Amino acid sequence: PNNERALQIRLLEEEIAELERTIRKKCADLDSAPNPIIRRRFEGMIQRLEQELDFKRQQLELYAQEGPDEEHRTDTP
């Protein structure tokens, strides 16, 4: 279980890093886009990527907060 969690955390960190790189590239593309229609397309892409990035960061935060026995705990009495 701990190895699985560590793997999930590492994968999330890699996905977050990749999303951050992609967002930086799309922002550069947006800055150089002369056409308003293309600019709006890049703005939409960036917004979706930022939403995905926020979601991944929240997932990572949850994994980091979980204790080693957290996944085996049940909330039923």
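**View 1. Glutamate 15 and lysine 56 form a salt bridge, with 2.7 Å between their closest N and O atoms.** The pair joins distant parts of the chain, 41 residues apart. Glutamate 15 sits in helix H1, which covers residues 2–32. Lysine 56 sits in helix H2, which covers residues 36–65. The model shown here is predicted. Glutamate 15 has 34% relative accessibility and is partly exposed. Lysine 56 has a relative accessible area of 15%, so it counts as buried, the cut-off being under 20%.

**View 2. Arginine 57 pairs with glutamate 20 in a salt bridge, at 2.6 Å from N to O.** This pair, too, links distant parts of the chain. Arginine 57 belongs to helix H2 and glutamate 20 to helix H1, 37 residues apart. Arginine 57 is partly exposed, with a relative accessible area of 39%. Glutamate 20 is also partly exposed, at 27%. Its value lies between the 20% and 50% limits, so glutamate 20 does not count as buried.

**View 3. Within helix H1, arginine 21 meets glutamate 18 in a salt bridge.** The N to O distance is 2.7 Å. Both residues lie in helix H1. They are 3 residues apart, about one turn of the helix. Arginine 21 has a relative accessible area of 43%, which makes it partly exposed. Glutamate 18, at 42%, is partly exposed as well.

View 4. The structure holds 5 salt bridges. Among them are glutamate 15 with lysine 56, arginine 57 with glutamate 20, and arginine 21 with glutamate 18. The chain has 77 residues, and 21% of them are buried. Lysine 56 is one of the buried residues. Consider contacts between residues with a separation of 6 or more: 69% of these join residues 24 or more positions apart. The accessible surface of the chain is about 6,100 Å². Carbon and sulfur atoms account for 51% of that surface.

How values were computed:
Residues numbered from 1 in each chain as written. Predicted model: local features only at pLDDT ≥ 70, side-chain atom pairs only at ≥ 80, totals over all residues. Heavy atoms only, no water. Salt bridge = Lys/Arg side-chain N within 4 Å of Asp/Glu carboxyl O. Helix = DSSP H or I, 4+ residues; strand = E, 2+ residues; numbered from the N terminus. Buried < 20%, exposed > 50% of the residue type's maximum accessible area, 1.4 Å probe, protein only. Contact = heavy atoms within 4.5 Å. Areas by Shrake-Rupley, 256 points an atom, 1.4 Å probe, with all protein chains shown as cover.
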